[in-house]
Amino acid sequence: MASYRPEHANPAARRPRPVVLLMLAFFALQLLIFLSFRAVRPPPAPASSAPAADTAAAVPVLASAPARRDGNGSSCGGGLVYVYDLPAAFNEDLLRMCDKLAPMYSLCPYLANDGLGLPAGGTNLSSLLPRELLGSWYASDQFALEHIVRRRLLSHRCRTADPARAAAFFVPFYAGLAVGRHLWAPNATGADRDRDCAALLSWLHAQPWYRRSRGWDHFIALGRITWDFRRTSDDAWGGSFLTMPGVANITRLVIERDPWDDMDVGVPYPTGFHPRAAADVRAWQRHVARRPRPMLFAFAGAPRSAIRGDFRALLLGECQAAGAAACGALDCAEGRCIRNNALVMELFMGARFCLQPRGDSFTRRSLFDCMVAGAVPVLFWRRSAYRQYGWYLPVGDGREAEWSVFIDREKLRAGNLTVRGVLAAIPEPRVRLMRERVVEMIPRLVYAAADGGEGLGGGMEDAVDVMVDGMLRRVAEQRPRWRPT
């Protein structure tokens, strides 16, 4: 039986002795010194030496947050991502049909190399790029997002093979290819365009992890614009995937989002630049920063002669009026720029600004070609960028002006201003700062070709890293909305 020891009868016995007080003071002093040294950060590492030519054209690289660590020592503090192993009919089988997915040409060359396309060394880009950077460039298709994202996520450092450990779930369905192969087929019906999407949802809704959250922690990449999946009637354009039951809670990463649907998240169009390491990105940043830019602005696009008051034709007229010394124009009629993207990149790399009107929809791949080329985009519709790519482009509180110029298109139509007049009025120091900001942003706008789990490395994030971080934040924010079943 435990014995009870009564409190000592002498109160003085409870007072600490002087030696004890001295020992406590000593240890407190040691702790204070230790914490003081911990609070002092080491000085920044000196900049690496570089040739004098590089020093004059130094390009600031976008700072990345330090790697986060969770309780398991992972660098993915927001959680891990599980990639579903779908039946082949929803992705791999579609790739095997690459020569039949589009009526005009075969998609096989553009879907090669895990969606990156043919290496630039065998294309017309090879004559434009520095030899040491040829391995980072491909002839990529603007609609290859689904294949590219799946490849990156399968080797991503935040991927887990155990769904029980996952915070988010990626569905690698190639919906753009599934719907796209029926968009121009002469006898295709609405049922044809919806068949694969309906089958995918039937499979997904049977999965326990989907049923647990009803899709709130699931996401998918769509390689076509959102409007290609929002058909409102059987005889209208596109498929109806995004209007089907069971899709409403799934986050859609899409190259053009619906600004009125919060579950759509805009992500960059794939460009031809797919670096394997941070060193490749920095080399490209230095290259575009040092490149001579004799032209004030440039425009690449095809006029729409059948459209009354075509805005692209207006911009071509603005370019011609400015003169060849101030503006370079490239007519992209009949798919010329798609077949020869080197023409576009060469044009943008020789100009300080590039005009970015809306395309057939509000967005264009050209916006990202422009920025990767180191030129400042000039916008005429806010929905072309500012209301599209919030995870990637700084917007709000005037931050758009850091990296872009917005021109009121109605004033331009009315003749109250000219493109050349607006751009020439921007002070040169301001132009230089804008170009530096654009070049800083390049890593986050491209899809790395890195095979390892660390991606580009060196703390540098590519578009997929931004995607994963954003999705994990979104899951944490949305978790209170759903009750696990």
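Mentor: Let's start with a term we will need: a salt bridge is a side-chain nitrogen of Lys or Arg within 4 Å of a carboxyl oxygen of Asp or Glu. This is a predicted model, where local features need pLDDT of at least 70 and side-chain atom pairs count only at pLDDT 80 or more, while totals for chains, interfaces and linings use all residues. Residues are numbered from 1 along each chain as its sequence is written, and side-chain values use heavy atoms, leaving out hydrogens and water.

Trainee: What makes E440 and R437 a salt bridge?

Mentor: Their side chains meet at 3.1 Å, N to O, and the limit is 4 Å, so the pair qualifies. The structure holds 22 salt bridges.

Trainee: Why are E440 and R437 said to be separated by about one helical turn?

Mentor: They are three residues apart in helix α16 (residues 428–445). A helix here is a DSSP run of H or I with at least four residues, a strand is a run of E with at least two, and both are numbered from the N terminus. An α-helix has 3.6 residues a turn, so residues three or four places apart point the same way.

Trainee: Why does E440 count as buried?

Mentor: Its relative accessibility is 18%, and buried means under 20% relative accessible area, with exposed over 50% and partly exposed in between (1.4 Å probe, protein chains only). By that rule R444, at 22%, is partly exposed.

Trainee: How do you know that R444 forms a salt bridge with E461?

Mentor: The closest N and O atoms are 3.5 Å apart. This pair links distant parts of the chain, with R444 in helix α16 and E461 in the loop between α16 and α17 (463–478), 17 residues apart.

Trainee: What does the pair R252 and D264 tie together?

Mentor: The side chains of R252 and D264 meet in a salt bridge of 3.1 Å, N to O. R252 lies in strand β6 (residues 251–254) and D264 in strand β7 (residues 264–266), so the bridge ties together parts that are 12 residues apart in sequence. R252 counts as buried at 2% relative accessibility, and D264 is buried at 2% as well.

Trainee: What makes a space a cavity?

Mentor: On a 1 Å grid over the protein atoms alone, it is a set of points where a 1.4 Å probe fits but cannot get out, and lining residues have an atom within 4 Å of a point. R252 is one of its lining residues, along with others including L200, L201 and L204. Helix α7 (residues 190–204) gives the most to this lining, with three residues.

Trainee: Why is helix α12 called mostly covered?

Mentor: Seven of the nine residues in α12 (residues 341–349) are buried, among them N341, A342 and V344.

Trainee: And why does I338 count as exposed?

Mentor: I338, in helix α11 (residues 336–339), has 53% relative accessibility, so it counts as exposed.

Definitions and conventions:
1 Å grid on protein atoms, 1.4 Å probe; cavity = no way out; pocket = protein on both sides within 12 Å on 5 of 7 lines; lining within 4 Å.
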